[in-house]
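Dear colleague,

I am handing over a structure for your attention. Please find it below, followed by a summary of what was found in it.

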Amino acid sequence: MELLMTTVTADSAPSSTPPGRSAPPSRLRRSWEKHWYAWAMVLPVVIVLAVLIFYPLFRGIWLSFTNLTEANQVAEICTRSITGGEVCTDNPNKWEFVGLDNYLRVLTGEVGEFWQWTGTTLIWTFACVICHFGLGLGLATMLNRPMRLRGLYRVLLVLPWAVPAFVSAFAWKFIFNERFGLANAALAAIGVDPIDMFADRWTALLTAIITNVWLGVPFMMVALLGGMQTIPGELYEAAEIDGASAWQRFRNITLPGLRSVSMTVILLGTIWTFNMFPIIFLVTEGEPAGQSEILVTGAYRAAFEGIRNYSLASTYGVLILSILLVFSVFYRRALRKQGEVW
């Protein structure tokens with residue numbers, strides 16, 4: 001009897017959907033019906049990103065858990081016989097899944113000099129970004145003021161940014177050449193002996209920093225100059241009427257007005273400098289004895305000099321990506337604590 005009453009009650013309970021009417025469409029379906037044209041426009045970009053970014057990214061992460069190299073990537077080894085045909089046998093050293101073995105080898109120093117390269121990379125990145133921002137801010141402040149030939153100065157200061165990085169690298173390497181370089185020629189003119197800039201770790205790193213600063217300052221200058229021109233001029237006029245000095249106007253109006261732009265360009269500059277491969281690779285070439293290598297160049301040499309080790313290259317790539325992701329997360333949290341929306 002209780003079972004019968006329960007069945008009757010369940011059958012007589014009102015349904016959430018009235019009879020004769022279908023269930024309401026889902027949120028995704030309503031969005032598609034309302035904004036189908038926007039989805040259609042975004043779809044090609046999503047496909048391109050999936051092919052060019054997401055697939056290589058996940059493929060690289062997977063390879064970092066294997067021992068894939070140039071020598072063991074084929075499943076069969078084929079040799080020609082006397083009759084001209086091919087005889088194929090299974091490769092006994094075929095690549096396989098090895099788990100975290102590559103990460104342990106890298107982090108313990110069995111392969112490469114991960115921690116030394118990381119320390120050099122941090123010094124290199126910090127020095128370059130500080131110089132980029134400081135010089136860029138100074139030049140932007142100068143070019144934001146009325147002056148003669150201001151347009152010409154802007155064009156000349158942007159030129160280094162337009163030059164390909166490898167061309168600038170070769171030019172600065174020649175400038176610092178011990179025998180024929182312009183830097184040592186200038187020192188010889190004042191009676192100073194030539195200096196082999198690439199014989200010491202710190203002087204070699206200094207040449208790379210100078211080259212990268214010459215390349216990176218124009219971008220920082222243009223970005224900060226654009227930010228300065230968005231600050232209302234009335235603020236400066238009111239501060240000047242109140243008797244504020246030039247330094248007070250700069251500190252209390254310009255710097256706060258540039259906060260959002262500054263935070264963005266510092267983040268971008270940090271990521272770009274951290275991964276700046278051509279400058280170190282072409283200017284210092286890791287001299288002396290690999291002491292000026294940074295993570296990206298050291299990883300390249302460890303993975304591709306000799307037998308190409310694709311799994312090791314992927315391991316370094318994942319570690320570099322992880323470092324930058326951790327930095328970005330803490331950087332974002334620091335900005336949110338300061339009230340910045342990012």
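Please note that this is a predicted model.

Within it, residues 202-225 form a span that is 100% helix and 0% strand, with end C-alpha atoms 33 Å apart. The unreviewed UniProt entry marks this span as a transmembrane region, along with residues 36-58, 122-143, 155-175, 261-283 and 310-331. Of these, residues 36-58 are likewise 100% helix and 0% strand, and their end C-alpha atoms lie 29 Å apart.

A helix packing was also examined. Helix H8 (residues 201-228) packs against helix H12 (residues 277-284) at an angle of about 135 degrees, and their axes are 10 Å apart. The crossing of H8 past H12 is right-handed. On the H8 side, the contact is made by Ala 204, Leu 205, Thr 207, Ala 208, Thr 211, Asn 212 and Leu 215, while H12 contributes Ile 279, Ile 280, Val 283 and Thr 284. Sorted by class, this contact comprises seven nonpolar and four polar residues, with no charged residues.

Finally, the aromatic side chains were searched. The whole structure holds 15 aromatic pairs. One of them joins Trp 62 and Phe 97, which are stacked, at 5.7 Å centre to centre and with 20 degrees between the planes. Trp 62 belongs to helix H2 (residues 27-63), whereas Phe 97 sits in the loop between strand S2 (86-90) and helix H3 (101-107), so the pair ties together parts that are 35 residues apart in sequence.

Yours sincerely

Methods
Residues numbered from 1 in each chain as written. Predicted model: local features only at pLDDT ≥ 70, side-chain atom pairs only at ≥ 80, totals over all residues. Heavy atoms only, no water. UniProt positions renumbered as here; feature names shortened; annotations may be inferred. Helix = DSSP H or I, 4+ residues; strand = E, 2+ residues; numbered from the N terminus. Axes fitted to C-alpha atoms, helices over the stretch in contact; angles between N-to-C directions. Left-handed = near helix turned anticlockwise from the far one by under 90°. Contact = heavy atoms within 4.5 Å. Nonpolar A, V, L, I, M, F, W, Y, C, P; charged D, E, K, R; others polar. Phe/Tyr/Trp six-rings, centres within 6.5 Å; stacked < 30°, edge-to-face > 60°.
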